[in-house]
Amino acid sequence: MDALEAIMTTRAIRRFTDEPVKEDDVWTCLRAAQQAPSGGNVQPTRYLVVTDPDVRASVGALYRSAFTRYTEVAPVRTDEAGLRIGRSANHLADTLASVPVIVFFLMPRLPSLVEGIDIGPVHASVYPAVQNFCLAARALGLGTTLTTVIRVHQAEALELLGVPDGWEIAAMVPLGHPAEKFSVARRRDVSKVTSFDRWS
């Protein structure tokens, strides 16, 4: 697949079929993720791939609880797009346990300051790996979506997954065969959010 086509059509997929994902395809996506750039080439990302049905069920229960807690306090969007996204997100919360593969992107808890100098958050060296993973999945015809709401129950999730102290969840990405179509997502007109040389 052409790289620009993959970029332009990698949208959030939250509805999946129950068709299994080939292990080779998971490894292809992980290798693509690992090729992502990171500050100082420190490569801080660790990947935890969940395929066991029992573990997926436990993760799904935590995610459902986290999503419910989030919706209790999050601003409610009543426009058409907001309602559509809300329905889609709620569907994922209800069905996450049935998604064949769930990938956790983990990062070490490191300070963003070194000797009082701001070097930026570790997240900046992790999210390129997430995007590479999603793009590779799109090239293989697989769907993904970047989610972070599981952090509402981060401690419980890390304990469930046996993650040692000193790590946190940067993202959780379900991976599966899409039950909806790939398309160019609706986004703001880039010309309205771009300046050259000075803010305008």
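## Salt bridges

Arg69 and Glu72 form a salt bridge, with their closest N and O atoms 3.6 Å apart; the term denotes a side-chain nitrogen of Lys or Arg within 4 Å of a carboxyl oxygen of Asp or Glu. This is a predicted model, in which local features need pLDDT of at least 70 and side-chain atom pairs count only at pLDDT 80 or more, whereas totals for chains, interfaces and linings use all residues. Residues are numbered from 1 along each chain as its sequence is written, and side-chain values use heavy atoms, with hydrogens and water left out. Both Arg69 and Glu72 belong to helix H3 (residues 53-73), where they are three residues apart, about one turn of the helix. Helices (H or I, at least four residues) and strands (E, at least two) are DSSP runs, numbered from the N terminus. Arg69 is partly exposed, at 43% relative accessibility, and Glu72 is exposed, at 55% relative accessible area. In these terms, buried means under 20% relative accessible area, exposed means over 50%, and partly exposed lies in between (1.4 Å probe, protein chains only).

How many salt bridges does the structure hold? The structure holds six. Another one of them joins the side chains of Arg151 and Glu168, at 2.8 Å from N to O. Arg151 is in the loop between S5 and helix H6 (154-161), while Glu168 is in strand S6, so this pair ties together parts that are 17 residues apart in sequence. Arg151 is partly exposed, with 33% relative accessibility, but Glu168 is buried, with a relative accessible area of 13%. A further salt bridge links Lys192 with Asp189, whose closest N and O atoms are 3.8 Å apart. Here Lys192 is exposed at 68% relative accessible area, and Asp189 is partly exposed at 40%.

## The sheet

Four strands make up an open sheet with antiparallel pairing, in the order S1-S2-S6-S5. S1 and strand S5 (143-144) stand at the edges with a single partner strand each, so one side of each has no neighbour in the sheet. Two strands are said to pair if DSSP finds at least two bridges between them.

S2 and strand S6 (residues 167-176) pair in the antiparallel sense over eight bridges. Within this region, Leu106 has Ile169, in S6, as its bridge partner.

## Aromatic contacts

Rings of Phe, Tyr and Trp (its six-membered ring) pair if their centres lie within 6.5 Å; planes under 30 degrees apart count as stacked, over 60 as edge-to-face and the rest as tilted. By this rule there are two aromatic pairs. Why is the pair of Tyr47 and Phe105 edge-to-face? The ring centres of Tyr47 and Phe105 are 5.6 Å apart and the planes stand at 85°, so the pair is edge-to-face. Tyr47 lies in strand S1 (residues 46-50) and Phe105 in strand S2 (residues 101-108), so the contact ties together parts that are 58 residues apart in sequence. Tyr47 is partly exposed, at 25% relative accessible area, whereas Phe105 is buried, at 0%.

The rings of Phe105 and Phe133 have centres 5.5 Å apart and planes at 85°, so this pair is edge-to-face as well. The pair links distant parts of the chain, with Phe105 in strand S2 and Phe133 in helix H5 (residues 127-139), 28 residues apart. Both Phe105 and Phe133 are buried. Together, Tyr47, Phe105 and Phe133 form one aromatic cluster.

A ring also takes part in a contact with a charge: the charged end of Arg138 sits over the ring of Phe182, 3.9 Å from its centre. A charge counts as sitting over a ring if NZ of Lys or CZ of Arg is within 6 Å of the ring centre and within 35 degrees of the ring normal.

## Surface and separation

Leu4, Ile7, Met8 and Val184 make a nonpolar surface patch of about 400 Å². Patches consist of residues with over 30% relative accessible area and no salt bridge; like charges are joined within 9 Å, and nonpolar side chains (Val, Leu, Ile, Met, Phe, Trp, Tyr) within 5 Å. Accessible areas come from the Shrake-Rupley method with a 1.4 Å probe; for residues, only the protein chains shown count as cover. Leu4 belongs to helix H1 (residues 3-9) and is exposed, with a relative accessible area of 58%.

Arg188 lies in the segment after S6 and is exposed, at 73% relative accessible area. Arg188 and Pro100 are 88 residues apart in sequence and 32 Å apart in space, C-alpha to C-alpha.
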